Every structure is written in C-alpha cells, then in structure tokens.
Amino acid sequence: MISYSDMAERKLIIRLFAAIGTVTTLCMAIIALFNNQSTLVYPLLGSSALFASSFFLGDRVEISSLIVLYTLYALMIYLVLTGGSHGTGPIWVFIVSPVTFFVRGFKRGIIDLIIFVLCVTGAFYLSNYFKFYSGYSVYFPIRIIASFIIVALLSGFYEYFRQMYSHRLIELVQKNEYLATRDPLTNLPNRRYAMAELEQFDAQQQTGSIIIADVDNFKDINDQYGHSVGDEVLKHLADLFVAQLSENDMVVRWGGEEFLFFLRHKNKQQATQFADDIHHALSQNRLDIGVNQLAVTVSIGISKLTTDVPIDKAMHKADELLYQAKKQGKNQTCV
Ligand SMILES: Nc1nc2c(ncn2[C@@H]2O[C@H](COP(=O)(O)OP(=O)(O)OP(=O)(O)O)[C@@H](O)[C@H]2O)c(=O)[nH]1
C-alpha cells in the first residue's frame, strides 16, 4: 500500500515562510535603521537570522517549522509591547493564525492561539502600564484582539474542513487501491496484485516456488448445481487455501477457477508437500450444499522460481504441468 505524506509540500511551504520572514524582517530592520528606530533594529535583525536559520535546516521540517512559528510569536508580542513603527506594530498579528494552523494543525493550533491571544492581551496591558508605547487608544487593543479572534476562527474553520477533507480523500484512495487489487468474490488478492508482487520478487533475485491450482470439472458443478453454488465453491477453496498458507506465502485468484500460490523460499520438495496438504485438506473438507456435501478437487502444476529463470517462463512451466495433471486424470500434482 502506498503511504500518503505531505512532508515534501510541508517542507516547501515552511521554507517559503522562512524565506519571506527573513527578507521582510531584514527590510524592516534596514528601514528602522534609517529611521533611527534603534529599539526595532536588533529584534528585527535577530528575527531575520532565526528565520534564515530555519530555512537552512533542510530536512528537519518539524524543528524549522517551530522556529518559524515561535520567532513570529516573539516578534509579534514585541511589536505589540513597543508599538513597532509609529504604533503600527500590532497590525502584523493577523499573520499568526494561518501560520499557526499550518504548522500545528487544528487542535494544537487552537491551544497555541489561545496562549498567543493571552500573551498579546498581556503585552497591551504591560505596554500601557510601563509606558513602552503610549499612543494606543483605549479601544485599539480591544478591536485588534476581537478582529484577531475572528480571523483565527475563520482560519480554524478552514483548517478543520481541510483536514477532514484530506483524511476522507486519503481513505477513499486507499480503499480504491485495495479494491483494485482484490477479487470481490473470494476476497483474495487478484492477478494485478500478484504480478506486482512477482515483479518485485524477481527484481530482488529471490528464490521460491509457484503453484497453479485449477478446480476440476468446475463447469459440471456450475451446470449441475447452478452458478451460485459454483461461487460458493470458489469461496470455500479460497478460505481453505488461506488456512494452509504460512506467513511468507501468498495465494491469489489468478482468474476463473484458477488459483496461483506464490511460496517464497520454498524449494520444489516443500512445494510438493504443500500441494499434497491441499489435496488432503480438500478431501477432508467437503462443501455443504443443502442436504448434500460436495467433494471438490484440484489439479496442480508446480515450478521453481530461481534467479536464472524469468517469472513468465516459470509460470509457463507451471501451466504446462497443470495441463499434464489434468490429462493424467485430475486431482493430482505434476512437478
Ligand atoms: N460460478 C462461477 N463460475 C465461473 C467463474 N469463473 C469462471 N467460471 C466457470 O468455470 C468454468 C470453467 O470451465 P472449464 O474451463 O471447461 O473447466 P472445467 O470444467 O473445470 O474442466 P477441467 O479444467 O478440465 O477440469 C466455466 O464454465 C466458467 O463459466 C466464477 O467466478 N463463478
């Protein structure tokens, strides 16, 4: 199953935030320097350096995103405390909520924003109390905080629905991916899945055995008892085959009434023993169809998978041996 991660996109966006933060704060520091606003120059330069450091952290996305976020918080609180340039500092706080939700997600984002609002409220109070900046009107902090909360709520709603939609989408893709590789009747993996597994196995140059099992006289079963009983037979076989498998092995519905077993690291002798076990299990487990019990048998062909035999050749060989087993009277294995 493919794993779905947005890490590459996150890395890109965090680096973008860091780059914008670095350039913006650097420009603001230069402007503050020309305006002789010494209290702004150093905090802005410090922020710029922190944003730049997070840009160069590369693959450590979580750390760099936290540096970006908390540098932003610290700078915003400082701007509220000091008023920034001519009392316009608090206007920048609106950047905080979208960045917070992006970095922290919905739940942790809410917690961080509540703490941030409390800090900003405290900063307005301290600024007034210690006269760090005395140009704020009585209503200004209230309006800034109220509008900040509205923007945060909107960003929160957006993030909540985005997360929900993204989870649903991933679930849907994974479900479709699963269905595309499953046989709906027996719930076994299908031919498409098997081909991918076999190609991977081939690429890894491993050894093992292939077994092809074909139900004997299946047309007669369909004709005599009906198609739905035929389907029940296939399901019965699938359950029985799965019960025989060991951890590394796999059985797939290869098509129609044919099943393919893929036994990793099992030589011909072990595969033959496995085929005998299947014949035996089938003879012991008849299928109940109303008052009757139906005896189902299979014919089997086995071939080796080695590093010097291509998969398609091994499959062809197993098919030929299966045909031979049918010709020799069915309900048997040819190796
Ligand atoms: N019920 C049911 N029948 C299927 C399914 N897929 C294929 N079949 C039937 O399987 C039958 C296979 O018939 P044949 O190829 O003649 O094979 P057979 O009767 O098993 O004969 P031998 O292989 O010689 O033993 C056909 O009648 C198909 O319609 C399925 O999913 N459900």
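**Overall dimensions and contacts**

Tutor: For 335 residues, a compact globule would have a radius of gyration near 20 Å, whereas this protein has 34 Å; please keep in mind that the model is predicted.

Student: OK, and what does the C-alpha trace span along its principal axes?

Tutor: The trace spans about 100 × 50 × 25 Å along those axes, and the chain is built with ten helices and seven strands.

Student: How much of the protein counts as buried?

Tutor: Of its 335 residues, 30% count as buried.

Student: Switching to helices, how do helix 1 and helix 3 pack?

Tutor: Helix 1, residues 7-34, packs against helix 3, residues 61-82, at an angle of about 35 degrees and with the axes 10 Å apart, and the crossing is left-handed.

Student: Which residues make that contact?

Tutor: Helix 1 contributes Met7, Arg10, Lys11, Ile14, Phe17, Ala18 and Gly21, while helix 3 contributes Val61, Ser64, Ser65, Val68 and Leu72. By class, that contact has seven nonpolar, three polar and two charged residues.

Student: And the ligand, which residues come nearest?

Tutor: There are 17 residues around the ligand, and Asp216, Phe218, Lys219, Gly230 and Gly256 come nearest. Strand 1 (208-215), helix 7 (218-225) and helix 8 (227-244) each give two or more residues to the shell.

Student: How does that shell divide by class?

Tutor: The shell around the ligand has eight charged, five polar and four nonpolar residues.

Terms used
Residues are numbered from 1 along each chain as its sequence is written. This is a predicted model: local features need pLDDT of at least 70, side-chain atom pairs count only at pLDDT 80 or more; totals for chains, interfaces and linings use all residues. Axes are lines fitted to C-alpha atoms, for helices over the stretch in contact, and angles run from 0 to 180 degrees between N-to-C directions. Helices (H or I, at least four residues) and strands (E, at least two) are DSSP runs, numbered from the N terminus. A crossing is left-handed if the near helix is turned anticlockwise from the far one by less than a right angle, and right-handed if clockwise. Two residues are in contact if their C-beta atoms, placed from the backbone, lie within 7 Å. Ala, Val, Leu, Ile, Met, Phe, Trp, Tyr, Cys and Pro count as nonpolar, Asp, Glu, Lys and Arg as charged, and the others, Gly among them, as polar. A residue is near a molecule or strand if its C-beta atom, placed from the backbone, lies within 6 Å of it. The radius of gyration is taken over C-alpha atoms; the globule rule is 2.2 Å times the number of residues to the power 0.38. A residue is buried if 20 or more other C-beta atoms lie within 10 Å of its own, exposed if 12 or fewer, and partly exposed in between; C-beta atoms are placed from the backbone.
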